[in-house]
Amino acid sequence: MKKISSMEYNSLVWFVIRAGYLGISLSNLITISQRDSWLSGIIAMILGLVPLGIFVYLRNYSDNMNICDLNEHIFGKFGKFLNLFLLIGVFMFVQIAFLDMVRFINSQFLYSTSSILISLVFIVPLIYGLFKGLNAISRTSLIMFYLIIFTIIFIILGVINGVDINNLKPAFLTSPGDIMHGAIILIAYNILPLFFLLIIPKAKIENYKPKRTLIFYVLAILSLINAVFLTIGSFGMGLSLLFEYPEFHLLKKLSIGEFIDRLESLLSMEWIIALFILIMIGLYFITTTIKQTFKLNEKTNKVVILLTCLLLLIINPLVFQTNNSLDVFLRGPMLIIMFFFFFILPIWMIIGCKLKRIHDKNSRRNQNDNNQNDK
């Protein structure tokens with residue numbers, strides 16, 4: 001089994017956390033928490049340590065088992081049903097992320113291009129990446145990570161002078177309930193998807209260290225807090241609420257002298273890449289779960305990959321015809337779905353892990369006692 005490096009793995013952590021910000025988290029966060037959105041981000045980073053701890057515990061339970069193996073190990077035959085159940089939750093979020101990516105490109109760049117054609121353009125590299133496997137996905141992620149770090153630094157340096165601190169005042173006027181609602185949105189769409197990465201067994205990651213994952217977690221969340229700070233600080237609340245993708249319009253403030261302007265088209269690729277990698281990891285989770293549950297060979301698995309991507313393509317134009325209906329779904333029902341699938345169920349898995357260890361320990365003790373009695 002060829003391993004992926006620790007940096008490759010943690011670059012996936014970075015992208016999974018940042019991906020849901022474009023069109024899913026940020027606009028809803030600003031609508032709910034207003035000028036105190038940065039405070040919601042800080043609260044989300046602190047409270048997000050709980051699901052991160054659950055994630056690390058499940059990651060460290062066994063070196064050779066991914067989440068599918070772990071469920072079957074703990075729950076037996078019911079574990080297979082649980083895996084298929086989790087697959088549904090993953091597919092729902094992947095579908096929303098894919099819809100968001102296509103709508104963003106359609107509304108901001110390719111106004112006259114059919115969303116179906118845009119979807120087809122992205123489905124092809126998704127299929128190719130899934131055919132190549134995890135190593136190809138992780139290597140691509142790491143290369144993109146290095147490029148995007150420089151992009152983010154460039155954006156910060158180019159925008160920071162345009163920030164008016166008065167746009168963030170008066171602070172602490174938003175109700176505590178709305179601030180917490182904003183924090184919950186960030187946890188649901190930017191932290192809980194880390195659960196997808198449990199499809200990668202620990203043994204597959206070379207020199208895995210939880211502390212490194214924690215560092216990437218903190219840096220990624222801080223980058224999201226920085227994005228909302230720059231957005232509201234540059235535009236004020238009025239324009240921040242008016243724009244459909246305020247983080248994209250922020251990039252329009254950047255230019256290099258009089259020679260290179262309209263850099264937003266190039267710089268916004270960092271959000272598209274993050275969404276693309278998140279979608280690919282989600283699809284990898286889905287197809288790997290199906291492959292392991294039904295014991296498929298490699299040829300049949302490729303058929304599953306094709307059918308899964310085809311299903312994503314077919315469903316995409318049928319759901320959420322308006323952005324308003326999507327926002328309402330994201331602020332309410334989808335939050336419940338995300339926390340149920342990727343917070344409540346993982347807690348149940350941890351309880352199952354602990355009970356399994358107690359049972360195995362008692363079984364070994366009884367076996368030793370029986371052996372001594374036989375002697």
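This is a predicted model: local features need pLDDT of at least 70, side-chain atom pairs count only at pLDDT 80 or more; totals for chains, interfaces and linings use all residues.
## Exposed, buried and in between

A residue counts as exposed when its relative accessible area is over 50%, as buried when that area is under 20%, and as partly exposed in between. Lys 295 sits in the loop between H13 and helix H14, which covers residues 298-315.

Now take Ile 74. This residue belongs to helix H5, residues 67-75. Ile 74 has a relative accessible area of 14%, so it is buried. Ile 74 can also be set against Phe 340. The two are 266 residues apart in sequence, and their C-alpha atoms are 19 Å apart in space.

## Backbone features in the loops

Most residues other than glycine have a negative phi, and most peptide bonds are trans.

Lys 295 is one of them: its phi is positive, near 55°, and it is not a glycine. Gln 34 also has a positive phi, about 55°, and is not a glycine either. Gln 34 lies in the loop between helix H2 (21-33) and helix H3 (37-47). Is Gln 34 buried, exposed or partly exposed? With a relative accessible area of 29%, Gln 34 falls between the 20% and 50% limits, so it is partly exposed.

The next feature concerns a peptide bond. The bond from Lys 169 to Pro 170 is cis, and its omega is near -5°. Pro 170 is placed in the loop between H8 and helix H9 (176-191).

Seven names make up a nonpolar surface patch of about 660 Å²: Phe 78, Phe 81, Ile 347, Trp 348, Ile 351, Leu 355 and Ile 358. Two elements, helix H6 (77-108) and helix H16 (333-374), each give two or more residues to this patch. H16 gives the most, with five residues.

Leu 355 is one of the patch residues, and it lies in helix H16. Its relative accessible area is 54%, which is over the 50% limit, so Leu 355 is exposed.

## Enclosed cavities

Rolling a probe the size of a water molecule over the atoms shows where empty space is left. In this model, the count comes to three cavities of 30 Å³ or more. The largest cavity holds about 140 Å³ of space. It is lined by 13 residues, and the closest to its centre are Ile 155, Ala 227, Leu 230, Glu 270 and Trp 271. Helix H8 (134-159), helix H10 (210-242), helix H11 (246-250) and helix H13 (269-293) each give two or more residues to this lining. H10 gives the most, with four.

What classes of residue line the second largest cavity? Eleven are nonpolar, with no polar and no charged residues. In the largest cavity, by contrast, the lining divides into eight nonpolar, two polar and three charged residues. The second largest cavity has about 80 Å³ of space. Its lining includes Pro 51, Phe 55, Leu 192, Phe 195 and Phe 342. Helix H4 (49-61) and H16 each supply at least two lining residues. H4 gives the most, with four.

## Open pockets

The largest pocket contains about 420 Å³ of space. Its lining has 21 residues, and nearest its centre lie Gly 133, Leu 134, Tyr 284, Thr 288 and Lys 291. Helix H7 (115-132), H8, H13 and H14 each supply at least two residues of this lining. Which helix has the largest share of the lining of the largest pocket? H13 does, with five residues. By class, this lining has eight nonpolar, eight polar and five charged residues.

The second largest pocket has about 260 Å³ of space. Of its 19 lining residues, Ser 27, Phe 243, Glu 244, Asn 323 and Asp 327 are nearest its centre. H2, H6, H10 and helix H15 (323-331) each give two or more residues to this lining. Its classes are seven nonpolar, seven polar and five charged residues.

Key: Residues are numbered from 1 along each chain as its sequence is written. Side-chain values use heavy atoms; hydrogens and water are left out. Patches are made of residues with over 30% relative accessible area and no salt bridge: like charges are joined within 9 Å, nonpolar side chains (Val, Leu, Ile, Met, Phe, Trp, Tyr) within 5 Å. Accessible areas come from the Shrake-Rupley method with a 1.4 Å probe; for residues, only the protein chains shown count as cover. A salt bridge is a side-chain nitrogen of Lys or Arg within 4 Å of a carboxyl oxygen of Asp or Glu. Buried means under 20% relative accessible area, exposed over 50%, partly exposed in between (1.4 Å probe, protein chains only). On a 1 Å grid over the protein atoms alone, a cavity is a set of points where a 1.4 Å probe fits but cannot get out, and a pocket is an open set with protein on both sides within 12 Å along at least five of seven lines; lining residues have an atom within 4 Å of a point. Grid points are joined across faces, edges and corners, and a volume is the space filled by probe spheres set on the points. Ala, Val, Leu, Ile, Met, Phe, Trp, Tyr, Cys and Pro count as nonpolar, Asp, Glu, Lys and Arg as charged, and the others, Gly among them, as polar.
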